[in-house]
Structure formats: C-alpha cells, structure tokens
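Here is a short report on one structure. Please look over the sequence and the model first.

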Amino acid sequence: MSSSMFRRKSRSNVRHHRAQWRRAIAVPQLVTCPNPACGEAVPAHTACPSCGQYRGRQVLPPR
C-alpha cells in the first residue's frame, strides 16, 4: 500500500487524539463518599460500592 492512500492528520487532530488516549489510561480521580456514615474513597461520578449511594440517593443495595 502506498502512503498516498492515507490522508495526513492535522496537528490539531493528532493532539486531540493523544489527549483522549492519555486520559483513558490515567488513574481515576478518587473522592470521598458524601454519605457521612460511609466516607470511603470511590471514583468520581460512580455509585459507592460499599453503601450504594450516588448523589444522595440509594441506587445499589448496600453491602
């Protein structure tokens, strides 16, 4: 295959692609559970696996 079959990717598109790739492999940001009875470290924007709450609502059965 010749290189003329493929289009050159612009610098903006290359940098955007690389930034998304780096974000995907990064360690998730941990926050403390807002439930005062729990307070465990959980990834941001996810339900707490130990108490089952997300944004003040019970969404999972507690362990």
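What percentage of the 63 residues in the protein chain is buried? Buried residues make up 10% of them. Buried means under 20% relative accessible area, exposed over 50%, and partly exposed in between, with a 1.4 Å probe and protein chains only.

This is a predicted model: local features need pLDDT of at least 70, side-chain atom pairs count only at pLDDT 80 or more, and totals for chains, interfaces and linings use all residues. Residues are numbered from 1 along each chain as its sequence is written, and side-chain values use heavy atoms, leaving out hydrogens and water.

**Overall fold**

The protein chain holds one helix and four strands. Helices (H or I, at least four residues) and strands (E, at least two) are DSSP runs, numbered from the N terminus. Along the sequence the pattern reads α-β-β-β-β. The radius of gyration of the protein chain is 20 Å, well over the 11 Å from the globule rule for 63 residues, so the chain is more spread out than a compact globule. That radius is taken over C-alpha atoms, and the rule is 2.2 Å times the number of residues to the power 0.38. The C-alpha trace spans about 60 × 20 × 15 Å along its principal axes.

Contact means heavy atoms within 4.5 Å. Of contacts between residues at least 6 apart in sequence, 0% join residues at least 24 apart.

**The helix**

Helix α1 covers residues 11-25. Its 15 residues should span 21 Å at 1.5 Å a residue, and its end C-alpha atoms are 22 Å apart, which agrees. The expected span is 1.5 Å times one less than the number of residues. The number of buried residues in α1 is zero, so the helix lies largely in the open.

**Selected residues**

| Residue | Relative accessible area | Class |
|---|---|---|
| C38 | 22% | partly exposed |
| C48 | 1% | buried |
| N35 | 15% | buried |
| R57 | 54% | exposed |

N35 sits in the loop between β1 (30-32) and β2 (41-43). N35 touches C51 and Q53, not counting residues up to four places away in sequence. R57 belongs to strand β4 (residues 57-58). R57 and H16 are 41 residues apart in sequence and 36 Å apart in space, C-alpha to C-alpha.

**Cysteines**

A disulfide is a pair of cysteine sulfur atoms within 2.5 Å. The whole structure has zero disulfides.
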